[in-house]
Amino acid sequence: MSPFTLEIAIGAVMLAVFGATLAARGTDRRWIAWVATLGVLAIGLVSVFARPTPPALFGMFVQDGLAIFAKRLFLAATFIGLLAGISRDGVACGRRAGEYHLLILSSLLGMLVLSSARDLILLFVAFELMSIPLYVLAGFLKSQAESVEAALKFFLVGSVSSAVMAYGLSFVYGATRTTDLARVAQTFAPGQPLLLLGLLAVFAGFAFKIAAFPFHMWVPDTYEAASTPFVAWLSVAPKAAGFVALFRVYFEGMGDRAAAWSPIAAGLAALTIVGGNLMALPQQNTKRLLAYSGIAHIGYMLVGFAAASAAGMAMVLFYLVAYVFGNMGAFLVVEAVARSERSEATAALRGLAQRSPLLALAMLLFLLSLGGIPFVAGFWAKLYVFWAAAAAGLYWLVLVGAVLTVVALFYYLVVAKRMYIEPPDASAGRIRPSATLAVAVILCAIGVVALGVYPKPIVMAALRIATPLF
Amino acid sequence: MTLDVGLPLLVLALPFVAFLLLAIVGPLRRTGRGAGLVSIAAIAISFGAALAVWAREFVAERTWGWIPADGGPIATVGVLVDPLSNAMLVLVTLVSLLVQIYSLAYLADERPGPLGRYYTYQSLFVFSMLGLVLAPGFLQMFVFWELVGLCSYLLIGFWYERPAAARAAVKAFWITKLGDVGFIVGIVLLWSATGTFEFTELFEQAQENALAVPGLATIMFLIYLGAVGKSAQFPLHVWLPDAMEGPTPVSALIHAATMVTAGVYMVTRTEPLFALVPEVLTLIAWVGAFTALLAATMACVEGDIKRVLAYSTVSQLGYMMAAAGAGASPAGFLHLLTHGLFKALLFLAAGAVIHAVGTNDIFRMGGLFRAMPQTGIVFVVGTLALAGVPPLAGFFSKEAVLGGVWEAHLTGPFLMLALTALLTAFYMFRVVFVAFFGRAHAGGHPHEAPWLMRGPLWLLAILTLLVGIRFALGGGETHAEAPGWLPPLSVGLAAVGFVLAWAMYQRRAIDPVRIAVALTPFDYLARRRYGLDGLYAGLYRGIILGFSRLIGWIDRYVVDGILNALTALTLRAGDGLRHIQSGRAQDYVYGVAFGVLFLFVWAQLWRR
């Protein structure tokens, strides 16, 4: 298999969607969504057979274990997100179905290239290819003022961050006279101020993408205003891509010198965990709550990053997988409830256990996973990143993380209480999610439980990927 | 290799599938009988597979890493298939199958909802018990050990509207938990000393004398404590008689044939480890024999037919433990198997009687043999087997136990066990004579149980006979070393017990009351269960509840106070932080600028 097979396949699906858009008539364009969804599914299945290949394009493009792992994760997340978006009256299936799916697919293409980029220029281009469609998608509900406002803020903060990042990249080039990341890693020594300054600025750009505190401000507004299936995907896939790029730039080939990034990541992690969890506490809107809790999760992943070791990186990869299923699932349940309730407040979840036992059970599993309760995926994820951090001597950070986990449990369990203990409104009937949405939720639930009961395969795969990078 | 564990895994998986089906698919569970049929179908196939595994004498081990860590997995799960687990698989699935079929008729009056719940628990129990049996290491064994405990709790309290049942369920749970605390501490200590939970590895280390663990005797004693709780050994035996509040089929399955034998099974399974600590083994033998005798005396004065059988179970578990302690664990395990058959038979027959007359009190029965001859016959078969009359199954295994204890030069336990043999025959024939013969009491017309109940009874009775005959023909592989005077002695003891019971309760030649007067101290103590229940109740009320009140006070006023303050602070902080999120785009860009600045300053501060 050529190293570019998956990217070319995405291009083919994009062409198919484009062609379909030209041919489409009428307002019900669900079939375009199906073309994109099944296309992504097919590429996902093909990616199972992807094997590492030698670097291509003069070493700019690497298809190694990390890239393949990340690409599978992006494809899985995109498939679930697209599947959940298919509905008769959803924005993704109306007159602008073609645009919507083309934008998602281009962003996906950006992620795939990003996870393979080992060159500063390619990295930046892929980064922008991933980001710019997201700005448009955030404002896709263009008749709603909040959506446009949120998209604008997202774009504004994103451009500033990109500018900082590009500025940093110019310093890196200035200091090393190369755009090849492998050579950058060879020349890097913590003592060089210019290179350090550049890499720090680049770090800020990534911090925006993964939404670490205080680069997170766009997150709650954007999540609240954009369409939920898109947000479910936005909350996981670009974050995962951001982490993969972080690993490429800051870990690959660094060896022991990677420890130089430990204090910075640890500081950012502590800020993000504290900020995200505390700000999630007073939220009354489930999407905003999940937005802040997602920020806190980024903090926990940064804990693993701060360990600056193969184990730490592997555990972040595992965390990403657990987070993809748990967080997407939670957003999709919100979508299912919102479709019948027209409300995304936590109050809309009242008595969900009686209105839809399946949705309530799935939501409970996602919340437990996000909260870190055994035996669902999130428990191992948290345990493993703490483990890696403790092995690197970051005990204070583990303590901060563990204490704030208790705070997180509080707001997750408040939602669980609304579903299971509070009675539904008298007028409320049963909630029946559409088949596609139900399948997407069930897929997430299976992922959360399977990883929770038997985490070994993913953990071992992640360790195998992480070890040779150091 | 894969093929070899495939079939045992199937045995394990089917009840679990049934459990999942019943637990998740609400409408199926609420059909009641339909749920029962699903559960029975699963366990029937499981039983067939278990038979195949047993007949083909599988030996295999397969483990999978479960909780991974850098240096190899911390814990593994898997299956360990050997003659020991094979025999146990057959026993568990067989008795479960028969009990579940029997329950269809026994619980026919239940509403569909609770009946479905019953079968859900039953499937979970079978799965847990099989998982325990197949466990290749201590950790998996402990997990399933707790699961069977949970099922036992749920099933004892099946009629949870009855206060007595709810209380008994809680009592069973927390008394066995006392032992489990020792068990888990022992397991963890052993693991921290050897770095493994796995039996095979531990046995290899034991064989090479590489198991030089400081305080091994303490560790093994702690592990044995788990068995004390689960297998109702003195002084933690008090929960088992109360557990009779559950439905009778549950008593037959869980509190006679399978779960309570888990302790014996565990000691037998880890026999190479216990062999390293002879002092603990001796203790096990003494405690076992003492339990056997103590429980037998209590059975002699009990009037509730199920409680008589419960004390008898405690007593026979004492036998098994004594054998294990004497280093004759094969004999103990053999007794476990035969006891599983005939005790399940006795319980199910007792259930048929209770079903017919509507009372547990043997003195309000009488003359039942004429009304329900089939139940009477199978009950007598079970009684003969339990009393140790050749050529029934119980005779051979009991003799093997006695022989093993004698061989180990444990004279004290041997004498206690011999006396127990006499008492066993006495109290069992006491039940037979009082309930099945003697004067019939007026009121009600007891009738034979339906076929669904009689079928399992007959099957168990025939199996009890057949197993005995097979031993009689096949010669004694296990009791070859027993001295020649042992068989006549044990038969003689059983005969004395029989004659005593006959004289007291059938011929009325001896007045039981006069015997009771003559033996007043024993009678008094046995009727009051040696004060142990009262002692525990007192301890519970005095110490534990007192302690709880103290802790409760501290919790309410000190811990809660601190926590409330912390919570208020946290919520305030969250509310305060929310104001950062002004909604103004320029503030968001400031956020980015601040973040970049933070990165630069922080990196400067921590430069190495």
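Analyst: The model is a predicted one.

From H8(A) come Leu196(A), Leu200(A), Ala201(A), Phe203(A), Ala204(A), Ala207(A) and Phe208(A), and they meet Val592(B), Gly595(B), Val596(B), Leu599(B), Phe600(B) and Ala603(B) of H26(B). Sorted by class, this helix pair brings together 12 nonpolar residues and 1 polar residue, with no charged residues.

The wider interface comes next. In total, 35 residues of chain A are in contact with 27 residues of chain B. On the side of chain A that touches chain B, the elements giving two or more residues are helix H6 (145-176), helix H8 (193-210), helix H9 (218-225), helix H12 (262-280) and helix H20 (456-466) of chain A. That side of chain A has 29 nonpolar, 3 polar and 3 charged residues.

The axes of helix H4 (residues 97-116) and helix H5 (residues 120-138) of chain A come within 8 Å and cross at roughly 155°. H4(A) and H5(A) are therefore roughly antiparallel to each other, and their crossing is left-handed. On the H4(A) side the contact includes Leu103(A), Ile104(A), Ser106(A), Ser107(A) and Gly110(A), while the H5(A) side includes Leu122(A), Ala126(A), Phe127(A), Met130(A) and Pro133(A). The contact of H4(A) with H5(A) has 16 nonpolar and 3 polar residues, and no charged ones.

Chain A also holds a strand pair. Strand E1 (residues 53-56) and strand E2 (residues 61-63) of chain A pair in the antiparallel sense over 2 bridges, and Thr53(A) stands opposite Gln63(A) in E2(A). The hairpin of E1(A) and E2(A) has 4 residues between the strands, and in this hairpin Leu57(A) takes a positive phi near 50°.

In chain B, strand E1 (residues 60-67) and E2(B) pair in the antiparallel sense over 7 bridges. Within this pairing, Trp64(B) stands opposite Val77(B) in E2(B). Strand E2 (residues 75-81) of chain B is largely enclosed by the rest of the structure, because 6 of its 7 residues are buried.

Burial also marks a helix of chain B. Helix H12 (residues 262-269) of chain B is mostly covered, with 8 of its 8 residues buried. These buried residues include Tyr265(B), Thr268(B) and Arg269(B). Gly6(B), by comparison, lies in helix H1 (residues 2-24) of chain B. Gly6(B) counts as partly exposed because it has 15 C-beta neighbours inside 10 Å. The C-alpha atoms of Gly6(B) and Phe363(B) are separated by 51 Å, and the two residues are 357 residues apart along the chain.

Technical notes:
Residues are numbered from 1 along each chain as its sequence is written. Chains are lettered from A and ligands numbered from 1 in the order in which they are written. This is a predicted model: local features need pLDDT of at least 70, side-chain atom pairs count only at pLDDT 80 or more; totals for chains, interfaces and linings use all residues. Two residues are in contact if their C-beta atoms, placed from the backbone, lie within 7 Å. Ala, Val, Leu, Ile, Met, Phe, Trp, Tyr, Cys and Pro count as nonpolar, Asp, Glu, Lys and Arg as charged, and the others, Gly among them, as polar. A residue is buried if 20 or more other C-beta atoms lie within 10 Å of its own, exposed if 12 or fewer, and partly exposed in between; C-beta atoms are placed from the backbone. Two strands pair if DSSP finds at least two bridges between them. Axes are lines fitted to C-alpha atoms, for helices over the stretch in contact, and angles run from 0 to 180 degrees between N-to-C directions. Angles under 35 degrees count as roughly parallel, over 145 as roughly antiparallel, 65 to 115 as roughly perpendicular and the rest as oblique. A crossing is left-handed if the near helix is turned anticlockwise from the far one by less than a right angle, and right-handed if clockwise.
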